[in-house]
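Student: Please take a close look at one part of this model. Start with a single residue, then work through the part in order and say where the other chain comes in.

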Amino acid sequence: MTINPDLPFKFSPLHRLQWEEAQQKDVILYPEGMVELNQSSAEILKLCDGTRNLTQIVAELEQKFATTGLTKDITTFLEIALKNGWIQQN
Amino acid sequence: MAGFNKTKITPPRWLLAELTYACPLQCPYCSNPIDYAKYQSELTTEDWKRVLTQARKMGAVQLGFSGGEPLTRKDLIELVRHARELGYYSNLITSGYGLSEEKIIQLKEAGLDHIQVSIQASTQELSDHLAGTESYQHKKEVARLVKKHGYPMVLCVVIHRENIHQMPQILEMAEELGADYLELANTQYYGWAHVNRDLLLPTKEQFEQAEQIAQAFKEKVAGKMKIYYVVPDFYEDRPKACMNGWGTTFLTIAPDGVALPCHSARELPGLDCPNVKEYSIEQIWNESKAFNFFRGFEWMKEPCRSCDEKEKDFGGCRCQAYLLSGDMYNADPVCSKSPDHAVIQQAIDSARASTLSADEKPLIFRNSKNSRILS
C-alpha cells in the first residue's frame, strides 16, 4: 500500500486510539485486539484527523519537536499504519 | 501448594463477562461447562457494574460480553453504557439470535464497539441443524445490519468435521457479507466439544486441505479482511500458549460471579475459584489461590520443568492436561514431548473409526436437559 502525498490521512472509524492510564501508553483498540504505541507513533497518529497530508504532518512534528529530517521515519510508520488499516486516505 | 511463588504479577488486560448461561442455541461444541444447568444464579446489574469498574481500574481494556447468549440479559445496554464510560473497548459475542435493528442502534448509541456474529455453516440446513434452532437467515441479516450501522464486523465460524468441507463456501459467505474479520475457530475440545469429540474431530487430511484453502484466501483478501485462525492443536507438535500464561492477561467472570483464569477452569479440581460477590477483583487477581495456582514455572513437572520452550508455551493448557491425562500438573498431551502424547493419536483414531462406523452416535446438543443428564 503506497501513500498518496496529496491526500490527507484519517484515523480508521473501525479502530480506536486511546490513552491507557494503567499502561501509561497510547494504544490502538480493535475487535479483540490491542497495539501498544510508543510516543512518536502516537504523535503521528493523532495528526491523522482527515485534514493533514504527509508534508503537513512532517512539518507539524518537526516544528513541535524542533528538529528536521523526520520525513523518512514518518513515511515508514504511515505505510505500516495504512497496511494495518489503522488509518485511511480518501 | 502449586502457586504462591514470587512471580511478578501483571495486570489483567482482557475481561470476559459471561453474563448468562441461558442460550436459545444448542451448539454441540459449546465451551460452557457440561454442568452449566446447575448454576442458576446470575449476578445483578450492580454486581456487574462493580466488576467492570474494578477490573478497569486495574488495567483491563478489552471487554467481551459473552454467555450463553448475552442478549438475553435485560440490562445489556446499561452495562454497555457503563463499560463505555469507563473506557473499555466492548465486544459483543453473540449468536445474533433475537438481535433487531433497533437493538443494534441502541447498543451503538450506548457505546458498543464491535459485534461478533457466529454462523454455524455456509448452508441453512447445516447451520440450523448445528445450532439446534432455526437461525441461519436471521444471522445473515444481522451480519448485514452490523455492517450497515458502522461496526467492525467479525464473523466467527467454528470449524469441525460436520462443516470443514464447506470451507470454500464459508469464505465466500464472509466476503459476501463484507466481514472485516473472519474468525475460523477450529474446535477446541473442552466442555461439550469434548463429549462430542468423536463426531467433531476432522482427519488430518481434512485439516490440511481446509487450512490450505484458508491460507490462499487470506492472501487474496489481504488489506480488506483479516483472518483469525484458531489452530487445531491436536495436529500440532507443541501446545498452545494457553491464555498467554495463567493469570497474566485474561480474567473470566462466570454468570454466577465465579472468577476464572480461563473459561474452562471451573472444571479443574481444588482451585477454590473465588466469587466477585465476596472479593474485589484486585484481591482475586493478586491474592487468590486460583489465580496464583499456575503462575510462573514452579508448579511444573517434567518434561516441562527443564524444557527450554516452557517460557514460550507455559506447558500448554491446564484444562487439556487434566481432561486428557487426568492430572492438571502434567504437560499438555498435545506436546510431542509429553509422556501422555499417545492419547492424542488415540483420540484421532477413535474419531476416524466413528466416521467409518455404520451406526454413528448422534451429536449431543447443548441444552439444560442434556446438561442434567451428563452431570
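Tutor: A:L54 counts as partly exposed, because 19 C-beta neighbours lie inside 10 Å; the cut-off for a buried residue is 20 or more. The model is a predicted one, and the predictor gives the complex an ipTM of 0.89 and a pTM of 0.93. A:L54 belongs to helix α2 (residues 54–64) of chain A. Leaving out residues up to four places away in sequence, A:L54 touches A:I3, A:P5, A:T75 and A:L78. A:D6 is 48 residues from A:L54 in sequence, yet their C-alpha atoms are 7.4 Å apart in space.

The loop between α2 and α3 (71–83) of chain A holds A:A66. A:A66 is not a glycine, but its phi is positive, at about 45 degrees. A:A66 counts as exposed because it has 6 C-beta neighbours inside 10 Å.

Chain A meets chain B in a contact that takes 13 residues from chain A and 17 residues from chain B. On the side of chain A that touches chain B, the elements giving two or more residues are β2 (16–20) and β3 (25–30) of chain A. The most comes from β2(A), with three residues. By type, the residues on this side of chain A are eight nonpolar, two polar and three charged.

The part to look at closely is the sheet of chain B. Chain B has an average pLDDT of 94, and 98% of the residues score at least 70. The sheet is open and has nine strands, in the order β7-β6-β5-β4-β3-β2-β1-β8-β9, with mixed pairing. β7 (226–230) and β9 (259–260) of chain B are at the edges and have a single partner strand each, so one side of each lacks a neighbour in the sheet.

Take β1 and its two partners next. Strand β1 (residues 14–18) of chain B pairs with strand β2 (residues 62–66) of chain B in the parallel sense, over five bridges.

B:M243 is another residue other than glycine with a positive phi, near 55 degrees. With 23 other C-beta atoms within 10 Å, B:M243 is buried.

β8(B) pairs with β9(B) in the antiparallel sense over two bridges. B:I253 has B:A259 of β9(B) as its bridge partner. The hairpin of these two strands has five residues between the strands, and in it B:G257 takes a positive phi near 100 degrees.

Now turn to β5 and β6. These strands of chain B pair in the parallel sense over six bridges, and B:L155 stands opposite B:L182 of β6(B). Strand β6 (residues 181–186) of chain B is largely enclosed by the rest of the structure, because five of its six residues are buried.

B:L155 also has a place in the largest nonpolar core, which has 123 residues; B:L155 and B:V146 have the most contacts inside this core. Strand β5 (residues 153–159) of chain B supplies the largest share of the core, seven residues. Not counting residues up to four places away in sequence, B:L155 touches B:V117, B:I119, B:A143, B:A174, B:L177, B:A179 and B:L182.

Two peptide bonds in loops of chain B deserve a check. The bond from B:G67 to B:G68 is cis, with omega near 10 degrees; B:G68 is in the loop between β2 and α2 (76–86) of chain B. The other cis bond joins B:E302 and B:P303, with omega of about 5 degrees. B:P303 is placed in the loop between α11 (289–292) and α12 (310–313) of chain B.

How values were computed:
Residues numbered from 1 in each chain as written. Chains lettered and ligands numbered in written order. Predicted model: local features only at pLDDT ≥ 70, side-chain atom pairs only at ≥ 80, totals over all residues. Core = buried A, V, L, I, M, F, W, Y, C linked by C-beta atoms within 7 Å. Buried ≥ 20, exposed ≤ 12 C-beta atoms within 10 Å, placed from the backbone. Helix = DSSP H or I, 4+ residues; strand = E, 2+ residues; numbered from the N terminus. Contact = placed C-beta atoms within 7 Å. Nonpolar A, V, L, I, M, F, W, Y, C, P; charged D, E, K, R; others polar. pLDDT = per-residue confidence, 0-100. Pairing = 2+ DSSP bridges.
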